[in-house]
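Notebook open, structure loaded. I'm jotting down what I look up as I go.

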Amino acid sequence: MPDWTDPDDRAEELAEKARALFQKGRFKEAEACLREAIELDPDHGTWRMNLGVTLQALGRTDEALRCFEMASARSPDHAEPRVAAAVAAASLQRWQLALKWAEEATQRKPDIDAAWAVRIESLRRLGRREDASLVFYLSQQHLEASPASLQAMAEVLLEEGKTARAAWSLREALRLEPSLARVRIRLAQLAADGGQPHRAIELLTEETRHHPGDVQAWIAFGDLLVRLRRAPEAVERYRRAVELDPDSAAARWRMGSLALAARRLDEACAELEMAMRLDADNPAPRVELAHARLERGERDEAARLLEVHAERTPPEQDPRLDNPQGAVSLAELMLRADRPAMAARTLSAALRFAACRKDASLFRKLALARYRTGDLKGGDEASQHLHRLDATDAAAPYNLALSALQRGNLTEASTWARRGLSEHPRDAGLRRVLLRIWMARLIPWLRTATPGDI
């Protein structure tokens with residue numbers, strides 16, 4: 001017999017079934033029911049909204065955002081799908097789009113705290129702190145309680161260096177909404193920065209109790225314990241994060257780093273390889289995996305990984321090289337992997353940052369890298385700069401003396417060797433250089449030394 005069921009009734013049944021499946025955590029089945037309901041009634045904005053929520057639960061935020069946008073188009077007077085679109089866009093770090101939807105939401109319904117919070121956060125991320133502050137004060141005219149907006153405003157205050165006011169905002173947010181996620185994480189970081197590690201641990205213990213399924217909370221807890229040099233406890237927190245989300249690249253990277261520091265090299269390689277696959281855009285796991293490979297004696301594989309790193313993250317565009325210690329550590333790996341040209345390029349690129357131009361260890365390593373590529377002139381320039389930064393450093397006169405010896409300028413070589421010995425009279429390397437200079441005066445064919453680090 002023919003099916004005389006009204007399509008509208010069938011769509012309603014499917015939507016109700018989807019709601020029940022969602023509540024049971026059966027998100028895939030709920031998605032299928034909602035899609036069938038929407039096919040029967042494409043103009044039903046609420047079902048598109050529900051589909052977006054379901055897709056978010058499945059971790060498909062891009063698709064969820066499109067659903068919220070379509071729901072907004074079909075519900076021009078409603079704020080809720082616009083709030084959902086704003087939150088989804090913010091989670092994807094599409095700040096201009098998040099701002100657009102948050103503004104539309106607050107225009108339609110100005111008493112939604114979450115919409116104001118996204119507006120404030122988006123403006124901050126877009127570098128518009130003054131506008132973010134103005135929006136916060138505007139929000140207070142419409143909201144009876146504003147925990148999310150206070151939390152967002154705290155980040156603006158922290159960027160402005162107003163730590164005390166930021167801490168007050170976070171505490172007030174927590175007072176208004178004790179279950180608000182991530183507030184205790186930020187307060188814990190401030191407590192640790194302020195020399196209160198025990199208070200920081202208390203806050204993170206509370207956070208993981210309130211939000212035991214929050215992967216970021218467990219990672220933050222692990223990060224604090226690493227900072228306090230309590231690595232075994234940190235590993236347990238990171239492991240809990242991985243149990244909650246096996247695809248957490250951040251947690252696996254941290255576990256790999258700690259395994260590398262403890263010289264558990266097989267474990268380090270396994271975790272770092274997984275982190276690299278899960279987040280190919282993060283260069284850190286790849287660099288640390290190269291380090292682990294070097295420690296296992298796999299120089300060729302380490303060199304390959306470092307070459308990929310230099311290709312995907314050109315040193316001239318890498319903002320992380322503003323840290324002299326980090327730049328030197330990376331160059332050291334490249335030198336150990338027999339890639340001196342790559343090390344020289346990396347350190348040369350780091351010199352665009354003021355802190356690196358003042359760091360003696362960076363110029364010491366740059367000199368070595370250039371000498372190893374056969375660039376005597378470049379090595380000499382780096383060594384001379386090192387000498388100007390630190391006249392007591394024995395590496396500069398040692399390198400310059402050897403370089404001059406190789407170029408056949410025995411007078412210059414002797415001058416640099418004696419200058420170094422005046423500061424370091426017992427330095428064995430400088431004494432050997434001076435001996436070579438004396439011998440070179442007698443036997444010209446002994447001018448074969450290669451400059452390098454002391």
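Predicted model: local features only at pLDDT ≥ 70, side-chain atom pairs only at ≥ 80, totals over all residues.

Is the crossing of H22 and H23 left-handed or right-handed? I looked it up, and the crossing of H22 and H23 is left-handed.

**H22 and H23**

H22 covers residues 360-372 and H23 covers residues 376-389; their axes come within 8 Å and cross at roughly 165°. Because angles over 145 degrees count as roughly antiparallel, I put H22 down as roughly antiparallel to H23.

Then I listed who makes the contact. From H22 I have Ala360, Phe363, Arg364, Leu366, Ala367, Arg370 and Tyr371. From H23 I have Leu376, Gly378, Gly379, Asp380, Glu381, Ala382, Ser383, His385, Leu386 and Leu389. Sorted by class, the residues of this H22 contact with H23 come out as nine nonpolar, four polar and four charged.

**H10 and H11**

I went through another helix pair in the same way. Helix H10 (residues 163-176) packs with helix H11 (residues 183-193) at an angle of about 150°, the axes being 10 Å apart. H10 and H11 are therefore roughly antiparallel to each other. I noted a left-handed crossing for H10 and H11.

On the H10 side I wrote down Thr163, Ala167, Leu170, Arg171 and Leu174; they meet Val183, Arg184, Arg186, Leu187 and Leu190 of H11. The class count for the contact of H10 with H11 is six nonpolar, one polar and three charged residues.

**Nonpolar cores**

Which residues touch the most other members of the largest nonpolar core? That core has 64 residues, and my list reads Leu306, Leu362, Leu366, Leu405, Val433 and Ile437.

Setting aside neighbours within four places in sequence, I find leucine 306 in contact with Ala290, Leu330, Leu333, Met334, Ala337 and Met342.

**Threonine 61**

Threonine 61 sits in helix H4, which spans residues 61-74. Not counting residues up to four places away in sequence, threonine 61 touches Gln56, Ala88, Ser91 and Leu92.

Note on methods. Residues numbered from 1 in each chain as written. Heavy atoms only, no water. Helix = DSSP H or I, 4+ residues; strand = E, 2+ residues; numbered from the N terminus. Contact = heavy atoms within 4.5 Å. Axes fitted to C-alpha atoms, helices over the stretch in contact; angles between N-to-C directions. Parallel < 35°, antiparallel > 145°, perpendicular 65-115°, else oblique. Left-handed = near helix turned anticlockwise from the far one by under 90°. Nonpolar A, V, L, I, M, F, W, Y, C, P; charged D, E, K, R; others polar. Core = buried A, V, L, I, M, F, W, Y, C linked by side-chain atoms within 4.5 Å. Buried < 20%, exposed > 50% of the residue type's maximum accessible area, 1.4 Å probe, protein only.
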